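Here is a short report on one protein model. It covers charged pairs, a helix face, a surface patch and backbone geometry.

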Amino acid sequence: MTMKKFNYRKLLKVLRVILNIVITIFVILFFIVVCLQRFSNNRISFFDYRMFTVISGSMEPKYNVGDVLISKNVDPKDIKVGDTISYLGKEGTFANKVVTHQVVDIETDADGKYYFHTKGVANLIEDPIVYEDQLYGVVIYKSVILSFIYKVISTNIGLFVFIVIPVLYIIGSEILAAMLEKEEKRRKIKE
C-alpha cells in the first residue's frame, strides 16, 4: 500500500514541476517577445519573426482589431500581390507607425529595388508607397490563441486571470512544496 501511495505522490510532484516549468517558460517567452517588440519599435526580430497586434479596422474582415499576427522577414522579390505585409510607415499619418496592409501592386525602380502599393482591405485609398527598406515582413499566421489572450489580458479581469493567478500559483506551489518537504523531514526524524 505504501509503495502505491509513494508512486502516486511522486507522480503528482513530477506533474506539478512540469506544469510549473511549462507555465514559467510560456510567461517568460511571451514577456521577452512583447518587450523585444515594444522597446525596439519592432526593429528587432525574433529569429526573423515579429509579432504585431491589429489596432484598427482597416483590414477587416480579414483581420479584426486585437488579432495577433506573426510576420516573417522575406526577400522583397518573394512578395506577391495579395500578400499582407507589415512595414514602418514614413509619410503623413503613417509616419513611425507599424502598418499591416495588403499588397495591391509591385514595381521596381531603375536600380532594381522593389516598392509596393498597399492598402487596407476596408480602405478606399492606397497607402503611401512602401519601399523595401521599410518592410518588416509578410504576415504568415494569425494566432488565434495569442489573439484570444491579448483580447482577454487587455481587460483588468483578463490581466488578473492570465498574469496574476499563474504567478501566484507558481509562488504558492513552491511554498507548499517546501512546507510539505519540511513536514516530511520532520516526520522522518520522529520515526
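## Basis

Arginine 186 is partly exposed, at 37% relative accessibility; the class runs between buried (under 20% relative accessible area) and exposed (over 50%), with a 1.4 Å probe and protein chains only. This is a predicted model: local features need pLDDT of at least 70, side-chain atom pairs count only at pLDDT 80 or more, and totals for chains, interfaces and linings use all residues. Residues are numbered from 1 along each chain as its sequence is written, and side-chain values use heavy atoms, with hydrogens and water left out.

Arginine 186 meets glutamate 183 in a salt bridge, 2.4 Å from N to O. The term requires a side-chain nitrogen of Lys or Arg within 4 Å of a carboxyl oxygen of Asp or Glu. Both residues lie in helix H3, three residues apart, about one turn of the helix. Helices (H or I, at least four residues) and strands (E, at least two) are DSSP runs, numbered from the N terminus. Glutamate 183 is partly exposed, at 27%. Glu183, Arg186 and Arg187 are linked in a network of salt bridges.

Glutamate 181 pairs with lysine 185 at 3.7 Å, N to O. They are separated by about one helical turn, because they sit four residues apart in H3. Glutamate 181 is partly exposed at 42%; lysine 185 is exposed at 52%.

## Other salt bridges

The structure holds seven salt bridges. One of them joins aspartate 75 to lysine 77, with the closest N and O atoms 3.9 Å apart. Aspartate 75 is partly exposed at 37%. Lysine 77 is exposed at 53%.

## Helix H2

Which residues of helix H2 (residues 144–153) are buried? Leu146, Ser147, Ile149 and Ile153 are. They lie on the same side of H2, because they cover an arc of only 165 degrees around the axis. The arc is taken from the directions from the helix axis to the C-beta atoms.

## Backbone geometry

The peptide bond from glutamate 60 to proline 61 is cis, with omega near 10 degrees. Proline 61 is in the loop between strand S1 (49–53) and strand S2 (68–72).

Asparagine 96 is not a glycine, yet its phi is positive, about 60 degrees. The residue lies in the loop between strand S3 (84–88) and strand S4 (98–108). Asparagine 96 is exposed, at 58% relative accessibility.
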